[in-house]
Amino acid sequence: MLNQTEEIKARIDLVEVIQEYIKLTPAGVNNFRALCPFHNEKTPSMMISKDKQIWHCFGCGEGGDVFTWLQKMEGMDFPEALRVLAKKANIKLEYHQPEMSTKKTKLLDINKQAVEYWHNLLLKDPNAEPVRKYLEGRQLKQETILEWQLGWAKDSWDDLFKYLKSLGYEDKDILDAGIVSQSQKDNKYYDRFRNRLIFPINNHHGQPVGCSARTMSGEDAKYINTPQTQVYNKSYILFGLDKAKQYMKRQDYTILVEGNMDVIAVSQAGTKNVVAVSGTALTLEQIHLLKRYSKNVMIAFDADQAGQRAALRGLDLAWQEGLNVKIIVLKAGKDPDECIKQDKQLWLDSIKGAVNIIDYYFDITLKDLDLTRADHKKKAAAVLLPIIAKLPDAIDRTHYIQKLASFIAVDDKILEDKINSLKTDKKSITVKQSPQPSIQNIDTIKMLTERVLALLLSDIKLLADIEQRLMPEDFYEDAASRIYKELIIQYNKGTFDNNQVNLEELFKTEPELLKRSNVLFLLAGSEFGNLTELAKKRELEQLVDRFKVEGLRVKASKLDEAIKTAEASGDDAKVNNLLNEKDKVNKDINRLLH
C-alpha cells in the first residue's frame, strides 16, 4: 500500500506542475527540455521525464521530484509542499507525524479554521441576516458566496479567539497568524475583525493566508486587512489568483481590477481571468506571478481621475518586465462592478475596446491641452517623452515618437534627440560604490527611491512624517541622496511657500540634479497628483517600510559575505560580532514586515 507521499506523486503529473512556472519543449518521447530557473543559461540544460516523474539540470546539478521542485521554486519546506500537493491531488492528509507541522503550516491551519468559522457564521447565524441582505443587494449569487467562501465576524471582542483556543491552538500562534491583536494595557487578546464582512485572501495555491474585512457598522465602506505575517506578504499576493490562474492561461490575458468586490463581480459575470492587487502599485513579485500564466494584462480601475491615475502606477516596471499592458475604459459605471450591474454586455464591450497603455497615456495627457500653443506642446513632450524612453522595444519607441511628433507638429528627430538626452542624463547620475545593492534588489530599490522622492515633491510637508526614519545616507544613489538631503535642509529652514518646491531655485547651481528632479516631479504629477493627503501619507509610509526592508536585505547579504571572509581567516571574535549584527538586521526586517 502506498504511503501518502507516494500516493500524491502517483496522482500528480510533474510535467503539468512545472509548466505552471516555465515553458517546456518536447525532447524525444515523454521527455521535455527547459531553461533552468536556478541558474543563468542561454541553452536549455534542464530535462524532465514524464515517465519517471523526475527533473534534473545538467548545468547546475539541481534535480528531484515534484516535492523538491515546489520546495526550490517557492522556498517552501517539505510540510508546506506536502499540503499544497495533497490539495492538488485531492488527498486528505493524516496529521499524526510531527514533521508534517511547522510554524508556517500552523499559521496556515489557523487561517483556514478562521475562514471556515466565519463562512459558517455568514451562512447560518441569525445575527448575520443584515450581511446576507447586503450581499443580496450587491447581486451576489449564493454559489458565488460559497465559491469565494465569504464570511462574517461577530460583533464580539473574543468570539474567534475563544473558538481557536477550543481547537487547541496556542495564544502566540493565533496572534502571529494576524487573526487577533494584543492589548498593550493588559496583554489580553482580542479579535482583530468584529462585525465585518470577510473576504478570505488566498495564496496562489488556494491556501487562506489572511483576509480583507469590510465594516458592517455605519455607511462608510471601511476595510482593514490582515497585517504582514510569516504566511501573508501583500507584495506577493494577487487576490483571486488561485481561482483565476487556469483561465488566465487558457485565455492568455489577465484582467486586473482595483478591489475584492470588483474581482468577485467580474468573475461572477463569466470573465473569470480576473485578479486584484493587495495594495497600491504592482510589485515586481506580483508581476512575476502574472507572467507565469500570461504576459498580457488588461487593467480596469475606477473611472474617476484617481482611479485612472492608479491604473498607471507601477506599470513602467510592468512593461520593462515584459508585460503587454492595455487599459479597459469602462463604457458605463464608475467601476467594473457598477458597469456589470448596469449592463453585462457593456462590460464585455469595454474589454473588447481595451487600449494600449501608451495610447492611454497619450489620451489622458493630451485631452486637456491646446496643441496650437507652444507651451502646451512642451507640456505634452515633458510628460510623454520620459514614458516613451522607458519602452524596452526600439520599434515601439520609434512608433510613439512619430505619433507624438505628428500631434505636436514637430520634427520627430527633435524628439529623438530629447529622448537621447534623457538617457544621457540617466547615465550621468553617479552611483555610490558602497554599499552597492545586489542585482535582485536594484530594480525594487530604484522604483522605491523614485516614488518616495516624487511623493515628497508633490507635497513637501509629508517630509515631517519620515524625516526621522529615512536618512540621506540610506539612499544607494548619490543623486537621490543629495536631492533628499537638500529637501530636508530647505524644509527645516521654512524655505518652501505653501509647501510647494521650486525646483529651478532649489537646484539652480546643480543642472544634473535639476533634470533628475524634473523627471521626478512629472512622476509626482502623473501618479500622485489626485491622491488625498491621507492617501499620500499611507502610500509614503508603505514605501518607506519597503525601502527600509530592501536596504536591510542588502546589508544582510553583505554581512553574509563578511562572515564567510572572517570564518576563512579563523577570526572567531569577528565572526561572533558579525553574527550578532546579522541577527539584529533580521529582527529589524521582521519588525518592518509584521
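Visitor: What does D370 count as at 34% relative accessibility?

Guide: Partly exposed. Buried means under 20% relative accessible area, exposed over 50%, and partly exposed in between, with a 1.4 Å probe and protein chains only. Bear in mind that this is a predicted model, where local features need pLDDT of at least 70 and side-chain atom pairs pLDDT 80 or more, while totals for chains, interfaces and linings use all residues. Residues are numbered from 1 along each chain as its sequence is written, and side-chain values use heavy atoms, without hydrogens or water.

Visitor: Where does D370 lie?

Guide: In the loop between helix 17 and helix 18 (374-389); helices are DSSP runs of H or I with at least four residues, strands are E runs of at least two, and both are numbered from the N terminus. Between the C-alphas of D370 and A380 there are 9.8 Å in space, with 10 residues of separation in sequence.

Visitor: Which residues of helix 17 and helix 19 meet?

Guide: Contact means heavy atoms within 4.5 Å. I358, D359, F362 and L366 of helix 17 meet Y400, K403, L404 and F407 of helix 19. The contact of helix 17 with helix 19 splits into 6 nonpolar, no polar and 2 charged residues. Here Ala, Val, Leu, Ile, Met, Phe, Trp, Tyr, Cys and Pro are nonpolar, Asp, Glu, Lys and Arg charged, and the others, Gly among them, polar.

Visitor: At what angle do helix 5 and helix 8 pack?

Guide: About 125°, for helix 5 (residues 103-124) and helix 8 (residues 159-166), with axes 11 Å apart. That makes helix 5 oblique to helix 8, and the crossing is right-handed. Helix 5 brings I110, Q113, A114, Y117, W118 and L121, and helix 8 brings D159, L160, Y163 and L164. By class, the contact of helix 5 with helix 8 has 8 nonpolar, 1 polar and 1 charged residues.

Visitor: How many residues does the largest nonpolar core have?

Guide: It has 80, and the residues with the most contacts inside it are L256, I358, L456, I466, Y484 and L487. A nonpolar core is a set of buried Ala, Val, Leu, Ile, Met, Phe, Trp, Tyr and Cys residues joined through side-chain atoms within 4.5 Å. Helix 21 (residues 439-458) gives the most to this core, with 9 residues. Leaving aside neighbours within four places in sequence, L256 touches, among others, L238, V275, V297 and F301. A second, separate core of 58 residues includes I110, Y117, L135 and F199.

Visitor: Which residues in helix 10 are buried?

Guide: In helix 10 (residues 241-251), they are L241, D242, K243, A244, K245 and M248. Their cover includes strand 13 (254-257), strand 14 (274-277) and helix 12 (284-293). D252 follows helix 10 and has a positive phi, near 60°.

Notes:
Axes are lines fitted to C-alpha atoms, for helices over the stretch in contact, and angles run from 0 to 180 degrees between N-to-C directions. Angles under 35 degrees count as roughly parallel, over 145 as roughly antiparallel, 65 to 115 as roughly perpendicular and the rest as oblique. A crossing is left-handed if the near helix is turned anticlockwise from the far one by less than a right angle, and right-handed if clockwise.
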